[in-house]
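Okay, everyone, thanks for coming. Let me put the model up and then walk you through a few bits of it.

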Amino acid sequence: MAFLQLQGLCKRYGSIDAVVATDLAVAKGEFVSLLGPSGCGKTTTLQMIAGFVDVSAGRIVLDGRDITHEKPSSRGLGVVFQSYALFPHMSVRDNVAFGLKMRKVAAADLQRRVDRVLQLVRLDAHAERYPRELSGGQRQRVALARALVIEPPVLLLDEPLSNLDANLREEMQFEIRRIQCEVGITTLMVTHDQSEALSISDRVVVMQAGRVTQIDEPYNLYEHPRTRFISSFVGKANLLPGAVDTQGIPQVAQHPDTAVLSLSLRPEKIDLVQAGSGRLQGQLSSRYFLGSQWLYRVTTGLGEITVVRRNDGSAPLAIGAAVGLDWSAQLLRVLAADEVPA
């Protein structure tokens, strides 16, 4: 049985549907990310779970208890905000202890729980510092510790890494996952970063225009996107015209006007071969060095195709070079039409 359930959850602002009939079942200890572009309803959904936004319709059930209309303080959930919301005049220890003091936890128990959670987030050596004396990553861990110390049934993370630089973001996303696994807490995270969602989640919920369009494990979501929107939003994708061969197998159509299907092909699944070979011919129009990879754009009769190849240390292909493109037919994915307007 699901530990946290959203049943037909809706939020309307006048005539605008911010969240539409959302159903989601989250298992105890699961890490689920709500992923989508700005304005898709993911943050509103999280805020309804937290109790900060009223529900227009539907139910929120936590461990068998209907909390749809309970006050935020009654739900007992841990929340980490995008801005961290730390008290600048309090030390790390006092910031973390604040929620326990509000709950009138006995001094000895409070001390024990604060010490334990500071050790968990690896900030025990910085307990007496103030937020201004910490790095962005350290402040983020203080906010995480403050949410965890009250021992909530569910942890809600609202774009927790958006204020960090790229290198620190990657480091901290794995740190969040380590802490979540160690504590075993049920976690929902809102993010617009697909790499962040794919790397640390058990499941990812893709939202578009207030609606859930796919719920899946990260690997399945990436390899088997349902729609054109999901294919392009979750990673890079080449959207190609498709047709069905005599055996009923989807293939890339050689001419767009013969297409009856929409196909997706990931850039890293394409091989660059000698001109005259492969399934499609083209000319290399641009290239970008990404460190571990080269990203090539190839002009073809079907439009521009993006190809990503591993940097194996050899010289890159020259711009203007004629090339062939090849791929395994089994790597093509048939896409349904987008379920909601883009």
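**Overview, a helix pair and the cysteines**

So, the protein chain has nine helices and 19 strands, counting DSSP runs numbered from the N terminus, H or I of at least four residues for helices and E of at least two for strands. This is a predicted model, where local features need pLDDT of at least 70 and side-chain atom pairs pLDDT 80 or more, while totals for chains, interfaces and linings use all residues. Residues are numbered from 1 along each chain as its sequence is written, and side-chain values use heavy atoms, with hydrogens and water left out.

The C-alpha trace spans about 75 × 45 × 35 Å along its principal axes. Of the 342 residues, 48% count as buried, meaning under 20% relative accessible area, with exposed over 50% and partly exposed in between (1.4 Å probe, protein chains only).

Now, how do α3 and α4 cross? Helix α3 is residues 92–102, helix α4 is residues 107–120, and their axes come within 10 Å and cross at roughly 130 degrees. Axes here are lines fitted to C-alpha atoms over the stretch in contact, with angles from 0 to 180 degrees between N-to-C directions. Residues in α3 including Val 92, Val 96 and Leu 100 meet residues in α4, among them Leu 110, Val 114 and Val 117; contact means heavy atoms within 4.5 Å.

Last, cysteines. There are zero disulfides, taking a disulfide as a pair of cysteine sulfur atoms within 2.5 Å. For Cys 40, the nearest cysteine sulfur, that of Cys 10, is 15 Å away. Cys 40 is buried at 1% relative accessibility, whereas Cys 181, at 49%, is partly exposed.
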